[in-house]
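Subject: Two-chain model for your files

Hello,

Here is the structure I said I would pass on. My notes follow below it.

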Amino acid sequence: MTSDNTGNNRNKNKNTTTKWFSNVTLIRESQIMKIHYITAVGALFVVAIHIMMRLIMPFNMSLEFENVILNYKNVFYALLLESILILIAIHGFNGLRVILLEIRQTQIWERGVNILVIVAMIGIIAYGTRTIIIANGFSLG
Amino acid sequence: MLLWRGSIDMTSATSAKRIDDNKNKSDRANREGLRGWLNPIIYGWERVSYWFQRLTGIFLLVYFIGHVYETSSLVSGPDAWAAMLEMTQTIGGHIFLILVIGASTFHTINGIRLIFTHSGQGLGTPGRPDYPYDPTSVNNKQRSGLWIAFILAAVAMLYGANVLFSGGE
């Protein structure tokens, strides 16, 4: 193998990784797809429990304020809701990132999309966590 | 074909840039862009699957953001919660929720099929390319997976419609 070939291979390997905000490579695309699939399977189970909780009693009754607040006051159910929030936020915003990167491939676009989805992901997790914490009865001070 | 249109007194760097510009223009002319991504006609059911997976994904992400916002009305008390819930108690709200049920079922079942496909399961074995050159990867296993996703989505939508339109009993 010539030195040129070695250089090309090195560049090829670089191209299969994601550069988030700078030229520093944080995580490979293959690993991101594994996270995408793991969060999908995880979300499938927790969302199934979440829906079943609405169907173990008449649907309208399950959505009454007192009943929903009781659900949130149960620590295990609150943890389930938090896990749904995190898993779907990661899966959903990464899916959006994949779609946006399929449409256009430039360095500025890629960085912009990465920053946008991370900020949106953190924002929605923070907002949802605030609801869970307040409804659970804890005070944010 | 690339044509050099530079004048005789151009420097080599300028003329090279001109050739590059022409090449970029011809590349752009060949790009289908979003139209190519959305075209379901010449690529068969696999393209329809690709399309639906992305559209249902975006729809569900929008619903998820709306759902997180909707449930945040809990912290403002029973009146705010009841007012927010009123929005889903209309015919339009019911139809929207039925679409969410259908989209989430299709996205889940087709997503499971895609996880298996991406890991190399159900793709068939490579063979000699004979007429009519049907790819072995686009086989009945893959197509039946797609049809199962459509059928289960329809069944889930019917169940959801029954629950919602029967008054939630």
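What percentage of the 141 residues of chain A count as buried? The figure is 13%. Please keep in mind throughout that this is a predicted model.

Confidence

The average pLDDT of chain A is 83, and 79% of its residues score at least 70. Residues 1-14 of chain A have a pLDDT below 50, and beyond near neighbours in sequence this stretch makes one contact in the model. Where pLDDT is low, the predicted coordinates should not be read in detail.

The two chains

Chain A contains six helices and two strands. Read from the N terminus, its elements follow the order α-β-β-α-α-α-α-α. Taking the contacts in chain A between residues at least 6 apart in sequence, 64% join residues at least 24 apart.

Chain B has six helices and zero strands, so its order from the N terminus is simply α-α-α-α-α-α. Of its 169 residues, 14% count as buried. The corresponding share of contacts in chain B, again between residues at least 6 apart in sequence, is 60% joining residues at least 24 apart.

Interface

Contacts between the chains involve 22 residues of chain A and 24 residues of chain B. On the chain A side, at least two residues each come from α2 (29-55), α3 (59-62), α4 (65-73), α5 (75-103) and α6 (107-136). By class, that side has 17 nonpolar, five polar and no charged residues.

Core

The largest nonpolar core has 22 residues, and those with the most contacts inside it are Ile88(A) and Ala89(A). At least two residues of this core are supplied by each of α2, α5 and α6 of chain A and α3, α5 and α6 of chain B. The element that gives the most is α5(A), with seven residues. Setting aside residues up to four places away in sequence, Ile88(A) touches Ala43(A) and Phe64(B).

Helix α6 of chain B

This helix covers residues 140-165 of chain B, 26 residues in total. From first C-alpha to last it reaches 37 Å, close to the 38 Å expected at 1.5 Å a residue. Its buried residues are Leu146(B), Ala149(B), Ala153(B), Val163(B) and Leu164(B). They pack against α3 of chain A, and also against α3 (45-71) and α5 (91-118) of chain B.

Two single residues

Gln53(B) is in helix α3 of chain B. Why does Gln53(B) count as buried? Because it has 20 C-beta neighbours inside 10 Å, and 20 or more is the cut-off for a buried residue. Apart from neighbours within four places in sequence, Gln53(B) is in contact with His107(B), Asn110(B) and Gly111(B). Of these, Asn110(B) is 57 residues from Gln53(B) in sequence, and the two are 7.2 Å apart in space, C-alpha to C-alpha.

Glu110(A) sits in helix α6 of chain A. Glu110(A) is partly exposed because 17 other C-beta atoms lie within 10 Å, a count that falls between the limits of 12 and 20. Glu110(A) and Val68(A) are 42 residues apart in sequence and 41 Å apart in space, C-alpha to C-alpha.

Regards

Terms used. Residues are numbered from 1 along each chain as its sequence is written. Chains are lettered from A and ligands numbered from 1 in the order in which they are written. This is a predicted model: local features need pLDDT of at least 70, side-chain atom pairs count only at pLDDT 80 or more; totals for chains, interfaces and linings use all residues. Two residues are in contact if their C-beta atoms, placed from the backbone, lie within 7 Å. Helices (H or I, at least four residues) and strands (E, at least two) are DSSP runs, numbered from the N terminus. Ala, Val, Leu, Ile, Met, Phe, Trp, Tyr, Cys and Pro count as nonpolar, Asp, Glu, Lys and Arg as charged, and the others, Gly among them, as polar. The expected span of a helix is 1.5 Å times one less than its number of residues. A nonpolar core is a set of buried Ala, Val, Leu, Ile, Met, Phe, Trp, Tyr and Cys residues joined through C-beta atoms within 7 Å. pLDDT is the predictor's confidence in each residue, from 0 to 100.
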